[in-house]
Amino acid sequence: PEAELLARGVEPFVAHPFRTPVVFLDTSGWGEMARDSVEGRGFVNDLEAQWVHQACVILNRELRTRGQSLSVSVLTFYSRHAQLIRRSLQPPAYSTFGSLKFDVVGTIDSIQGQQSDLVIVSFCRATTRRRLPSGFGMWLQDPRRVNVALTRARRGLILVGHRHTLQNLHGVPAAERLYRHLFTSLDQRGDAMSTVRDLQ
C-alpha cells in the first residue's frame, strides 16, 4: 500500500504515460515489427530497444522538469540485445540523459545484489506463432532470473515485452506460474500496475 511505502521513505515514481509504479509496455499489437531476430549467435529486438530508448527519454524529461535525478538500470535476458540497447543509449557518458544515473545496462546477471530507483526490463523474445514449442525462450523461463529482474526496482519498474509470447511460454511450471501471476496482476491491480501499447 502507498501509505506503507511512504512510511518507509519509498515514494513510487509515476510520470505520463507511466501512470503506475509498474508498467508493462506491450508490443503485441505491432505484428511483425515486434518480432525478435537473430544477430550473430544471439537474439535482438529492434522495437523493444527503441521503446527502451524512448522510455529513457520520457523519464529523463520528466525528472529534468522536476529538478530531480534517479538511478536506473536497464536489464535484458540476452547479451546481444543488451549490446543493442547500450548502442542506442550511447555509453559510456549517457550524456543526453543528465537526470538518469545509469547503474547497469546489461543482462540480468549483471545486477545481482544491486537495486536502482528505476528498472527497465526488456524481455526481447517475441513471436506471432500461436503455439510455442516447449523449449522456446528458455532464458525467459529461468524463474531465478525472472525473479531478479522483477525485484531490483525501488521506485518504478517498466517491463517491455510481447504479452502473447510471454503468456504462452511453457515447459517450466514455476515460470508458467510466475508469468500467469504477472499478467493476472496487470489485469486486476489498476492501482499499481498498468499496460501501455504505444510509445510513439
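**Close-up 1. The buried residues of helix 3 (residues 79-89).** In this predicted model, H81, A82, L84, I85 and L89 of helix 3 are buried (under 20% relative accessible area, 1.4 Å probe, protein chains only). Helices are DSSP runs of H or I with at least four residues, strands runs of E with at least two, numbered from the N terminus. Seen down the axis of helix 3, the buried residues fall within an arc of 160°, so they line one face; the arc is taken from the directions from the helix axis to the C-beta atoms. Their cover includes strand 3 (42-44), helix 2 (46-66), strand 4 (70-76), strand 5 (100-107) and strand 6 (116-122). Q90 follows helix 3 with a positive phi, near 60°.

**Close-up 2. The aromatic pair of F43 and Y78.** Ring centres lie 5.8 Å apart and the planes meet at 75°, so the pair is edge-to-face (centres within 6.5 Å, planes over 60 degrees apart). F43 sits in strand 3 and Y78 in the loop between strand 4 and helix 3, 35 residues apart. Y78 is buried at 6% relative accessible area. F43, at 25%, is partly exposed (between 20% and 50%).

**Close-up 3. Helix 4 (residues 143-150) against helix 6 (residues 173-188).** The axes, lines fitted to C-alpha atoms over the stretch in contact, come within 9 Å and cross at roughly 30°. Helix 4 and helix 6 are therefore roughly parallel (angles under 35 degrees, on a scale from 0 to 180 between N-to-C directions). P143, V146 and L150 of helix 4 touch A174, A175, L178 and Y179 of helix 6 (heavy atoms within 4.5 Å).

**Notes.** Residues are numbered from 1 along each chain as its sequence is written, and side-chain values use heavy atoms, without hydrogens and water. Local features need pLDDT of at least 70 and side-chain atom pairs pLDDT 80 or more, while totals for chains, interfaces and linings use all residues.

Conventions: Parallel < 35°, antiparallel > 145°, perpendicular 65-115°, else oblique. Phe/Tyr/Trp six-rings, centres within 6.5 Å; stacked < 30°, edge-to-face > 60°.
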